[in-house]
Amino acid sequence: MHLETSLRLCRLADRAGCADTREPYLISDPKLHHGYDRLRRLRYLGRAARVPDSLYTIENIARITEELIEEAATKNVRYVEVRVGGRRGFTLLGVRGMLQAVAEGRRRGARSTGVASSTILTVVRERGPEEALELVEAAASCEECGVAGLDISGDEANFPPALFARACNAARDAGWGITIHAGEFSGPASIWTAIYQLGANRIGHGFRAVEDPELVDYLSTHGIPLELCPTSNLRLGIVRSWREHPLRTLFDHGVHVTLNSDDPILLGATLSDEFEAAQREQGFQDADLERMTGYAANGAFHRDVALAAVGTPAATP
Ligand SMILES: [Zn+2]
């Protein structure tokens, strides 16, 4: 899941009235758009001008991360990978400052709830390959930052994977796992290139793999996990209904599908809701959901920690 820094800070500051100062912004209604265009507008509306720089403190970042862990604990989650990518945090606190604050929040969360966690550094495509490489190098040189993986997100259609090969190589050199948002706003080609050009260990979303039978076979044979977020796809208007989501088809073809909450506050998703909907809308049994949880733990970037936390035997790698 994404940390959603500004939304969580805003919620933190709600206690000081931040949320009610929303001005009308001159952007079109998110509902008139779909896919990444809608996501961008939702994010903008959710944060623009409402979170003053002064809220970006080490203590606040640690606090919102701890809250994320506490909320996960209420859903019986045992291991979380927190994606951190907000540019303002990196700019205002420095890459190290931001990531160390997140690590501190994760430690506090682990102490109070027992939920284990890792950090994934998220790089946004449209900010370009140089910034991506700089972020990775800064984070990789900071052991206390506790980063376990790199994620490439953002505008899939206009920023092809090859641009980020250097950032991914640096991440691999640091011993991180690599997950690429692909096959969400673009088709199967984006997933193929994420695997071949960037060496993705996992695919963020990736549901559009279903359009290419050869890719479905490849994912299944190589056990490459897909981080599916059906509610997110529905809310962004890229899948028509839960029932029509390719989760079922991909699962039946042996793809290592996992369920995820993506941007929980922005898109109103929780992991429990995803599991419930999977049972209700697509007839998954408890054993199927256990299998997905096994895929998730097995694909985790701190695999041993995740497997121990979940207490599930490893799925076939
Ligand atoms: Zn995402």
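Visitor: Which residue of strand 5 stands opposite Thr 179?

Guide: Arg 202 is the residue of strand 5 that stands opposite Thr 179. Before we go further, please note that this is a predicted model, in which local features need pLDDT of at least 70 and side-chain atom pairs count only at pLDDT 80 or more, while totals for chains, interfaces and linings use all residues. Residues are numbered from 1 along each chain as its sequence is written.

Visitor: How many bridges join strand 4 to strand 5?

Guide: As a general idea, strands of a sheet pair through backbone hydrogen bonds, either parallel or antiparallel. Helices (H or I, at least four residues) and strands (E, at least two) are DSSP runs numbered from the N terminus, and two strands pair if DSSP finds at least two bridges between them. In this structure, strand 4 (residues 177-182) and strand 5 run parallel and are joined by 4 bridges. Strand 5, which covers residues 202-205, also pairs in the parallel sense with strand 6 (residues 226-228), here over 2 bridges, and Ile 203 stands opposite Leu 226 of strand 6.

Visitor: What order do the strands of the sheet have?

Guide: The sheet is open and has 7 strands in the order 1-2-3-4-5-6-7, with parallel pairing. Strand 1 and strand 7 (257-259) stand at its edges, each with a single partner strand, so one side of each has no neighbour in the sheet.

Visitor: Where does the chain pass on its way from strand 4 to strand 5, and which hand does that unit have?

Guide: The hand is read with the strands pointing away from the viewer: a crossover is right-handed if the path from the first strand over the helix to the second runs clockwise. Here strand 4, helix 7 (residues 188-196) and strand 5 form a β-α-β unit that is right-handed. A further right-handed β-α-β unit is made by strand 5, helix 8 (residues 213-222) and strand 6.

Visitor: How many bridges join strand 1 to strand 2?

Guide: Strand 1 (residues 79-84) and strand 2 run parallel and are joined by 6 bridges, and within this pairing Val 84 has Leu 121 of strand 2 as its bridge partner. The chain goes from strand 1 through helix 4 (residues 87-113) to strand 2, in a β-α-β crossover that is right-handed. Strand 2 also pairs with strand 3 (residues 147-153), in the parallel sense and over 6 bridges, with Thr 122 standing opposite Asp 151 of strand 3. Strand 2, helix 5 (residues 128-140) and strand 3 likewise make a β-α-β unit of right-handed sense.

Visitor: Is strand 2 mostly covered or mostly uncovered?

Guide: A residue is buried if 20 or more other C-beta atoms lie within 10 Å of its own, exposed if 12 or fewer, and partly exposed in between, with C-beta atoms placed from the backbone. Strand 2 (residues 116-124) is mostly covered, since 8 of its 9 residues are buried.

Visitor: What value of phi does Glu 4 have?

Guide: Most residues other than glycine have a negative phi. Glu 4, although not a glycine, has a positive phi of about 55°; Glu 4 lies in the segment before helix 1 (5-14) and, having 25 C-beta neighbours inside 10 Å, counts as buried. His 205 in strand 5 also has a positive phi, near 70°, and His 205 is buried, with 26 other C-beta atoms within 10 Å.

Visitor: Is Asp 173 buried or exposed?

Guide: Asp 173, which belongs to helix 6 (residues 165-173), is exposed, with 11 other C-beta atoms within 10 Å. Arg 166, also placed in helix 6, is partly exposed, with 15 other C-beta atoms within 10 Å.
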